[in-house]
Amino acid sequence: MRLQVLEHGHTTVQRIQLRIMRSFCGRALEPVLMMSYRRNFFGKHFARCLQEGLRNAREWSIGELETFAAFVSNLNRCRY
């Protein structure tokens, strides 16, 4: 389910970036929309936590993390 609020509340630079993404991909990806919505309040801090938690995990390589994310997204029927 897509939240309509994620379509609004972006800065001018973010709107330009989202337009470019839509022109190449046909749509803006949900993780990008979520991380860019009210970025100073939520997005950049949440993204930093995700990066620290996932990228600094020594047990899994970056490729394994991406494969795991794609598998879970497929199970959840996400188009990621």
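Residues are numbered from 1 along each chain as its sequence is written, and side-chain values use heavy atoms, with hydrogens and water left out.

**Figure 1. The whole protein chain.** The chain has four helices and zero strands. Its pattern along the sequence is α-α-α-α. Helices (H or I, at least four residues) and strands (E, at least two) are DSSP runs, numbered from the N terminus. Of the 80 residues, 18% count as buried. Buried means under 20% relative accessible area, exposed over 50%, and partly exposed in between (1.4 Å probe, protein chains only). Take the contacts with a separation of 6 or more: residues 24 or more positions apart account for 39% of them. A contact means heavy atoms within 4.5 Å.

**Figure 2. Confidence along the chain.** pLDDT is the predictor's confidence in each residue, from 0 to 100. The chain has a mean pLDDT of 77, and 85% of its residues reach 70 or more. Among the elements, helix 1 (residues 12-25) has the highest mean, 84. Helix 2 (residues 30-36) has the lowest, 75. Where pLDDT is low, the predicted coordinates should not be read in detail.

Figure 3. The 14 residues of helix 1 should span 20 Å at 1.5 Å a residue, and its end C-alpha atoms are 20 Å apart, which agrees. The expected span is 1.5 Å times one less than the number of residues. Which residues of helix 1 are buried? They are Gln-14, Leu-18 and Met-21. After helix 1 comes Gly-26, with a positive phi near 90°.

**Figure 4. Gln-14 close up.** Gln-14 is found in helix 1. Its relative accessibility is 10%, so Gln-14 counts as buried. Leaving aside residues up to four places away in sequence, Gln-14 touches Ser-36 and Arg-39.

**Figure 5. Met-34 in helix 2.** Met-34 lies in helix 2. Is Met-34 buried or partly exposed? Met-34 is partly exposed, because its relative accessible area is 33%. Met-34 and Ala-47 are 13 residues apart in sequence. In space, they are 9.8 Å apart, C-alpha to C-alpha.

**Figure 6. Two cysteines.** Cys-25 has 52% relative accessibility, so it counts as exposed. Cys-49 is exposed as well, with a relative accessible area of 53%. The structure holds zero disulfides. A disulfide is a pair of cysteine sulfur atoms within 2.5 Å.

**Figure 7. Helix 4 and the residue beyond.** Helix 4 (residues 62-75) has 14 residues, which at 1.5 Å a residue should span 20 Å. Its end C-alpha atoms are 20 Å apart, which agrees. Just after helix 4, Arg-77 takes a positive phi of about 60°.
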